[in-house]
Amino acid sequence: MPDAAVPARNPTRAVRIGRTTIGGGHPIAVQSMCATKTSDVEATVRQVLDLERAGADIVRIAVDGARDVQALPAIRARTRANLSIDLQENYRLAAEVAPYVDKIRYNPGHLHHHERTKPLRDKVGFLAEVAAKHDCALRVGVNCGSIDPDKAGRFGGDSVAEMVTSALEHCALLDGLGFLRYCVSLKDSDPMKVIDANRRFASERQDVPLHLGVTEAGLPPDGVIKTRVAFEQLISRGIGDTIRVSLTLPNDRKGDEIAAGRQILDDIARGRFRSVPENLGKRLNIISCPSCSRVENEAFVELAEKVRDVTAYARDHSITIAVMGCRVNGPGETDDADLGLWCAPTHVNLKRKSETIGTFRYDEVLTRLTAELDRLIASRRPA
Ligand code: SF4
């Protein structure tokens, strides 16, 4: 789907993903991710088609286990969408999913989970071989919440350096293997870190196409504003070949992510930049994941909305609250928040930084959250 012209772009190489191509001067592609259970073929196909109708160039689906893998042939048979697959911890599933998709995203921070003694180069080699055999592109998807343990803590608390180093390492591995059909993403929930990480990476590797996104940007409209800030700063510098706006939305409104992405691209192309709010990040900051097939309880989106509503009284306090949908990324990605909630099937885990305060029912956690918030605000008052 064509998009508006954008300012001069970095000379990235072209990477084909099914019937679309990113980089190499091609229009910036807009993508989103299904939040349905991948094993639920009907619901997933419906959402893939909805996202395509909304203008998605690429649609991503998560695959966590055998039931998701088994659903893929049926999903593929019912859509021509350019499908990307999101591998979690079991990188070896790539071999089973590759015949049905156009791109495979792997997270360098998750490769250590299996076959711990196997060299990293061999694992990346396996992924490159599978991708090449099945005509797939790869995305090296580095995420602030799941940094490769070999990099974590090595740069004196500079989490951006950890991300960039991990991405550069994987680019070097793939280049060394002769596999060049890949792009990179460096995501954080803080738009300033997303800007910093992508600028640092692009200064080293102008040739590698970049997938931009602010992870767990949260509920609209705040989530759109955070994302816009990052995209304006990067795309206006020629950085970015494909984008995803990650918003916490009910399943039937996932297409809004595509609309938001196209609107941001269109505004940038027309020179319509929104000023960055001066106090961005210095007020109450609620980050919440965009949800995906791994969400453990459908009540997650409603919970995120309620968290926003019941904490509104603290809007002038520089406090971050994270709300995550599952146990896969929830525990790690709430560690840096002042207060965090991650959802399990029947209860919600409430945290203060990395410490778990307790687990609470969905209907009682908000009371505990506001009590903790009050305590935090009181502790920051001058004596
Ligand atoms: S935190 Fe879990 S549910 Fe939310 S987007 Fe990430 S993997 Fe999906």
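I would like to begin with helix H7 and helix H8, the latter spanning residues 255–269, whose axes come within 10 Å of each other and cross at roughly 40°. An angle of that size makes H7 oblique to H8, and the crossing of this pair is right-handed. On the H7 side the contact is formed by Val224, Thr227, Arg228, Phe231, Glu232 and Ile235, which meet Ala260, Ile264 and Ile268 in H8. Sorted by class, that contact holds six nonpolar residues, one polar residue and two charged ones. Please keep in mind throughout that what we are looking at is a predicted model.

Staying with H7, which covers residues 222–235, let me turn to its packing with helix H6, residues 191–204, where the two axes are 8 Å apart and the angle is about 25°. H6 passes H7 in a crossing that is right-handed. The residues that H6 brings to this contact are Pro191, Val194, Ile195 and Asn198, and they meet Lys226, Val229, Ala230, Gln233 and Leu234 in H7. By class, the contact of H6 with H7 comprises six nonpolar, two polar and one charged residues.

The peptide bond leading from Pro220 to Pro221 is cis, and its omega is near 5°.

A further helix pair is H1, residues 41–53, with H2, residues 66–77, which pack at an angle of about 45° with their axes 10 Å apart. That angle makes H1 oblique to H2, and here too I can give the hand, since H1 passes H2 in a right-handed crossing. Val41, Thr44, Val45 and Val48 in H1 meet Ala71, Ala74 and Ile75 in H2, so that, in terms of class, the contact of H1 with H2 divides into six nonpolar residues, one polar residue and no charged residues.

The phi angle of Glu115 is near 50°, which is a positive value in a residue other than glycine.

Let me now step back to the chain as a whole, which is divided into domain 1, residues 15–269, and domain 2, residues 285–380. The C-alpha centres of domain 1 and domain 2 lie 25 Å apart, and the contact between them takes 20 residues from domain 1 and 19 residues from domain 2. On the side of domain 1 that touches domain 2, the classes are eight nonpolar, nine polar and three charged residues.

Finally, which residues are found around the ligand? They are Cys289, Pro290, Ser291, Cys292, Arg294, Val295, Met324, Gly325, Cys326, Val328, Asn329 and Gly330. By class, this shell around the ligand divides into seven nonpolar residues, four polar residues and one charged residue.

Methods: Residues are numbered from 1 along each chain as its sequence is written. This is a predicted model: local features need pLDDT of at least 70, side-chain atom pairs count only at pLDDT 80 or more; totals for chains, interfaces and linings use all residues. A residue is near a molecule or strand if its C-beta atom, placed from the backbone, lies within 6 Å of it. Domain bounds come from an automatic or database domain assignment. Two residues are in contact if their C-beta atoms, placed from the backbone, lie within 7 Å. Axes are lines fitted to C-alpha atoms, for helices over the stretch in contact, and angles run from 0 to 180 degrees between N-to-C directions. Helices (H or I, at least four residues) and strands (E, at least two) are DSSP runs, numbered from the N terminus. A crossing is left-handed if the near helix is turned anticlockwise from the far one by less than a right angle, and right-handed if clockwise. Angles under 35 degrees count as roughly parallel, over 145 as roughly antiparallel, 65 to 115 as roughly perpendicular and the rest as oblique.
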